[in-house]
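Subject: Structure handover

Hello,

Here is the structure for your files. My notes on it follow below.

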Amino acid sequence: MKQSVIEFERPIAELESKLEELTELARRDKVDFSSEISNIKRKVKKMRRDIFLNLAPLQRAQLARHPMRPHTLDYIDHMTTDFLEMRGDRLFGNDKSIVGGFCNLESRTVMIIGQQKGRDTKENLARNFGMANPEGYRKAQRLMKLAEKFNRPIITLIDTKGAFPGKGAEERGQAEAIARSLLEMSRLTVPVVCVVIGEGGSGGALAIGVGNRVLMMEYSVYSVISPEGCAAILWKSADKAPEAAKALRMTAPDLLEFGIVDEVVKEPLGGAHKDFKAAASILRRALRRNLDELARMSPQELVRQRRKKFRKMGSFV
Amino acid sequence: MSWFSKVKKPLEAITSRDKIPEGIWKKCDECKAIIYGQELDNNFQVCPKCGHHHRLSARERIRLLIDEGTFQEKDGELAPNDPLKFRDSKKYKDRIAESKKKTGLNESAISGSGLMCNRPVEIAVLDFDFIGGTLGSVAGEKITRTIERSIRSRHPAIIVSSSGGARMQEGIFSLMQMAKTSSALGELDELKIPFISLLAHPVTGGVSASFAMLGDVIIAEPKALIGFAGPRVIEETIREQLPEGFQRSEFMMDHGFVDMVVPRLELKETMAKLLDHMCGAIACLLPLESKEDSTDSAKSGA
Ligand SMILES: [Zn+2]
């Protein structure tokens, strides 16, 4: 599969294609390049480790929105069985930028809900680039209440640039939809585990992010505003996105340090897009562990713990 | 005072303008009339000529809504720190210092307890002049504590919003104030304690997408801009110009997201009446039948 490549991945990609050529050549001409091949393989591995150890915040943000990164439906595919998608907010329509439904995660039935981005233009248009309209958030609320009714835990997968800033979105109450989501999530009586799998963009991300546990994939980001948007407003220049990305402290290790997220979920070397299956299996284990722990809490304890968790957030003197 | 007498004064006063020191006269943003500043102040920044609502400071807002001498400020000592050590073209710390100087406030929110037409309430007010009324950790904390005071005292909560949204300089901490305040409102809701949300120009972003849109009753001042995304962002996204009045109070009311649009000078009375409707002392729990019965028996007894 032809993969799109971010700037900093290019040297790795170039070496990899050289490797491919050489392998192909060796096979065709029956020449023994094995020592060269293993040499390059070693080089690729080292280069990948070096680059990924030293990613700048903006590079991490780019990785978080890498088009080849696993999206919600990919994780659902690799982590769960018997997923049945449920659609519509029963008020206006079905927003395809948020998907959700019951499924089995290991031995549990869970409600899984997440923002869904597309991989190509056609898919992205259908999914509105993962940017939900109010009906998306209202669908999410409906499905969460459904899960609560049947005492099923809820998993949300966060991956959005933000709530859609469109005309119809405003007419149909984008602000109210997000606000209501925050309030309703805070009082759900079933376990809620939220995972930022890619881009955690602002209120549109938080709207499905009020959980008993909040996890972040290693190369995901979570921020009040995109680095580009922040640079445009505060630096008055989109070129300052690298500075803004740094200043916003939006990477998974940053948020773990701040106590905003509970856990950073490791990704395979080179990022989740290099190995969906491995990434999904690491996340599945983390989810299982968290759900096991939360299963011991009573409905009242779950509400109390979630409220207390968010009550403590803030930094002042 | 009649509307007409309010109009007359500034117009005739223009002639003597050059004799008066700077700053005493103000120009209405809407009708451009030159108005005597003191008169605008007395009118809570509502233009006496055209009724345009100019920005009102948080202190003045409290003077407007809370009975004189009854306001007790709470948590006034809370001050922002700088968790991200944020610096753009300016240091965040310097921005705070400037806003403090400009507004005389410690932060974008003032909160406290007081009486509204003799009814005890807990109130928090955002001030747009303090970094755009943005929701940082301090404002989020003050609003949450206001809601918690309501929960303890069982007095209604009033939150007045005028804000550009979350405060970028506090990054993720700012975003989380949306969840913190909304979660507290969930508890208030369960205890059936009224919450009136008052929206004053403008209310956007993380403030509209949290507590501001969660009122049992949502009141807006005339022509306030209310929405999630700002109009410029929407226009850039959809590549067309938005119609006149888009996202304004009246538009929001027509689209079902605001209960009523109320002029500033009528707010206090309206809110007090609403509080009576929601939690007044008048017994409304008696079934209608028995009320009629008692009237009947009173009649027959007479
Ligand atoms: Zn005027």
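A residue is called buried if 20 or more other C-beta atoms lie within 10 Å of its own, exposed if 12 or fewer do, and partly exposed in between, with C-beta atoms placed from the backbone. By that count B:Ser153 is partly exposed, because 14 other C-beta atoms lie within 10 Å. B:Ser153 belongs to helix H5 (residues 137-153) of chain B; helices (H or I, at least four residues) and strands (E, at least two) are DSSP runs numbered from the N terminus. The C-alpha atom of B:Ser153 is 9.0 Å from that of B:Val121, and the two are 32 residues apart along the chain.

This is a predicted model, in which local features need pLDDT of at least 70 and side-chain atom pairs count only at pLDDT 80 or more, while totals for chains, interfaces and linings use all residues. Residues are numbered from 1 along each chain as its sequence is written, and chains are lettered from A and ligands numbered from 1 in the order in which they are written.

Chain B

Chain B contains 11 helices and nine strands. Of its 302 residues, 44% are buried. Two residues are in contact if their C-beta atoms, placed from the backbone, lie within 7 Å. Among the contacts in chain B between residues at least 6 apart in sequence, 66% join residues at least 24 apart.

Helix H4 (residues 92-103) of chain B has 12 residues and spans 16 Å from first C-alpha to last, close to the expected 16 Å; the expected span is 1.5 Å times one less than the number of residues. Its buried residues include B:Tyr92, B:Arg95, B:Ile96 and B:Ser99. These lie on the same side of H4(B), because they cover an arc of only 100 degrees around the axis, the arc being that of the directions from the helix axis to the C-beta atoms. The face turned away from that buried side carries the exposed residues B:Asp94, B:Ala97 and B:Lys101. Just after H4(B), B:Gly104 has a positive phi of about 70 degrees.

Helix H6 (residues 171-190) of chain B has 20 residues and reaches 31 Å, close to the 28 Å expected. H6(B) is largely enclosed by the rest of the structure, because 16 of its 20 residues are buried. B:Lys192, which follows H6(B), also has a positive phi, near 60 degrees.

Chain A

Helix H4 (residues 72-79) and helix H13 (residues 276-294) of chain A pack at about 75 degrees with their axes 9 Å apart. Axes are lines fitted to C-alpha atoms, for helices over the stretch in contact, and angles run from 0 to 180 degrees between N-to-C directions. H4(A) and H13(A) are therefore roughly perpendicular; angles under 35 degrees count as roughly parallel, over 145 as roughly antiparallel, 65 to 115 as roughly perpendicular and the rest as oblique. H4(A) contributes A:Asp74, A:Tyr75, A:His78 and A:Met79 to the contact, and H13(A) contributes A:Phe276, A:Lys277, A:Ala280, A:Leu283 and A:Arg284.

A:Ala207 sits in the loop between H9 and strand S6 (213-217) of chain A and is buried, with 32 C-beta neighbours inside 10 Å. Beyond its neighbours within four places in sequence, A:Ala207 is in contact with residues including A:Tyr137, A:Ile178 and A:Leu182.

Between the chains

In the interface, 43 residues of chain A are in contact with 47 residues of chain B. H8(A) gives the largest share of chain A's side, eight residues.

Regards
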